[in-house]
Amino acid sequence: MRIGALASETGFTQETIRYYERIGLIPSPQRSDSNYRDYGPSYVDRLRFIANCRSLDMTLEEVRHLLDLRENPEARCGEANQLLAEHLEHVRQRINELNQLANQLELIQDQCHEEQAARDCGILNELDRMEAATDDSDNHVPGSHGHRPG
């Protein structure tokens, strides 16, 4: 099948499929006589596996590791278990961070009790008073506003 059919079958965009091919998450397909990529059923299975991993918010490196294990049927599943345990711990840490963020947002929202001029808005004034984060890290949680990268 061509890339458009593969995209329709798996829910990935053609750009994402090409990207996954470029970074080695999926192998380069055979080319047809007219130089089109020709994807077989194994690509559908592999992309569904990747989609399942990504739906669990796994990084591309985590997915790559699991794909390597999947392709080596004699490998021990302990590595997959360890990877999942580490990912679960990361998710729990993010949940704690999100709970702290929710608490902070509630405190800020509590600064506004009535409709008034923006100059008197408790939320805006509190945001002016807060100490800004001093590190350069992006503490924003990926996917928290309804979209996910990659």
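Helices are DSSP runs of H or I with at least four residues, numbered from the N terminus. In this predicted model, helix α6 spans residues 122-129 and holds both Glu 126 and Arg 129, which lie 3 residues apart, about one turn of the helix. The chain as a whole contains 6 helices and 2 strands, arranged from the N terminus in the order α-α-β-β-α-α-α-α.

**Overall composition**

- The chain has 150 residues, of which 23% are buried.
- Its accessible surface amounts to about 11000 Å², and carbon and sulfur atoms account for 49% of that area.
- Among contacts in the chain with a separation of 6 or more, 44% are between residues 24 or more positions apart.

**Nonpolar core**

- The largest nonpolar core comprises 21 residues, and the members touching the most others are Ile 17, Tyr 20, Leu 47 and Ile 50.
- Two or more residues of this core come from each of the helices α1 (3-10), α2 (14-22), α3 (41-55) and α4 (60-70).
- Neighbours within four places in sequence aside, Ile 50 is in contact with Phe 12, Tyr 20, Leu 25, Ile 26, Val 63 and Leu 67.

- Glu 62 belongs to helix α4.
- Glu 62 is buried but takes part in no salt bridge, and the nearest side chain of opposite charge is that of Arg 54, 6.9 Å away.
- Apart from neighbours within four places in sequence, the contacts of Glu 62 are Asp 57, Leu 83 and His 87.

- Side chains of opposite charge can pair when their charged atoms come close.
- Arg 48 and Glu 9 form a salt bridge through their side chains, with an N to O distance of 3.1 Å. Arg 48 is in helix α3 and Glu 9 in helix α1, so this pair ties together parts that are 39 residues apart in sequence. Both partners are partly exposed: Arg 48 has a relative accessible area of 38%, and Glu 9 has a relative accessibility of 43%.
- Arg 64 and Glu 61 are joined by a salt bridge of 3.2 Å, N to O. Both residues lie in helix α4, 3 residues apart, about one turn of the helix. Arg 64 is partly exposed, at 22% relative accessible area, whereas Glu 61 is exposed, at 52%.
- Glu 126 and Arg 129, the pair in helix α6, form a salt bridge in which the closest N and O atoms are 3.1 Å apart. Glu 126 is partly exposed, with a relative accessible area of 21%, while Arg 129 counts as exposed at 54% relative accessibility.

**Nonpolar surface patch**

- Leu 98, Leu 101 and Leu 105 make a nonpolar surface patch of about 250 Å².
- Leu 105 is located in helix α5, which covers residues 78-109.
- The relative accessible area of Leu 105 is 48%, and the residue is therefore partly exposed.

Definitions and conventions:
Residues numbered from 1 in each chain as written. Predicted model: local features only at pLDDT ≥ 70, side-chain atom pairs only at ≥ 80, totals over all residues. Heavy atoms only, no water. Patch = residues over 30% accessible without salt bridge, like charges linked within 9 Å, V, L, I, M, F, W, Y side chains within 5 Å. Areas by Shrake-Rupley, 256 points an atom, 1.4 Å probe, with all protein chains shown as cover. Salt bridge = Lys/Arg side-chain N within 4 Å of Asp/Glu carboxyl O. Buried < 20%, exposed > 50% of the residue type's maximum accessible area, 1.4 Å probe, protein only. Contact = heavy atoms within 4.5 Å. Core = buried A, V, L, I, M, F, W, Y, C linked by side-chain atoms within 4.5 Å. Lys, Arg positive; Asp, Glu negative; His and termini not counted.
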